[in-house]
Amino acid sequence: MATLNLTMTIADEDVPRLVAAARAVFENDTLTLEQITEMLRQYGISQMTQMIANYERKVAIAAADSASYGIEVV
């Protein structure tokens, strides 16, 4: 199994902005930075899952559209 280590660094002065924005978006004024970080991690996992599903769906549709489904009828 592969491990993806995705590290993000933001400036110290931007941390309060991130916390304020996340608290507003998630409608929870008590979220800690640790909780917000976990929520962002879960969101990233969801986005990766959706990205793969959308890509594989597109590939499958293209393959189905280019397949030959003709039959010989006599």
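Residues are numbered from 1 along each chain as its sequence is written, and side-chain values use heavy atoms, with hydrogens and water left out. As the model is predicted, local features need pLDDT of at least 70 and side-chain atom pairs count only at pLDDT 80 or more, while totals for chains, interfaces and linings use all residues.

Rolling a probe the size of a water molecule over the atoms shows where empty space is left. A pocket, on a 1 Å grid over the protein atoms alone, is an open set of points where a 1.4 Å probe fits, with protein on both sides within 12 Å along at least five of seven lines, and its lining residues have an atom within 4 Å of a point. The largest pocket holds about 560 Å³ of space, and of its 17 lining residues, L6, M8, T37, L40 and R41 are the closest to its centre. Helix 2 gives the largest share of this lining, nine residues.

R41 also forms a salt bridge (a side-chain nitrogen of Lys or Arg within 4 Å of a carboxyl oxygen of Asp or Glu) with E38, their closest N and O atoms being 2.8 Å apart. Both R41 and E38 lie in helix 2, three residues apart, which is about one turn of the helix.

How values were computed: Grid points are joined across faces, edges and corners, and a volume is the space filled by probe spheres set on the points. Helices (H or I, at least four residues) and strands (E, at least two) are DSSP runs, numbered from the N terminus.
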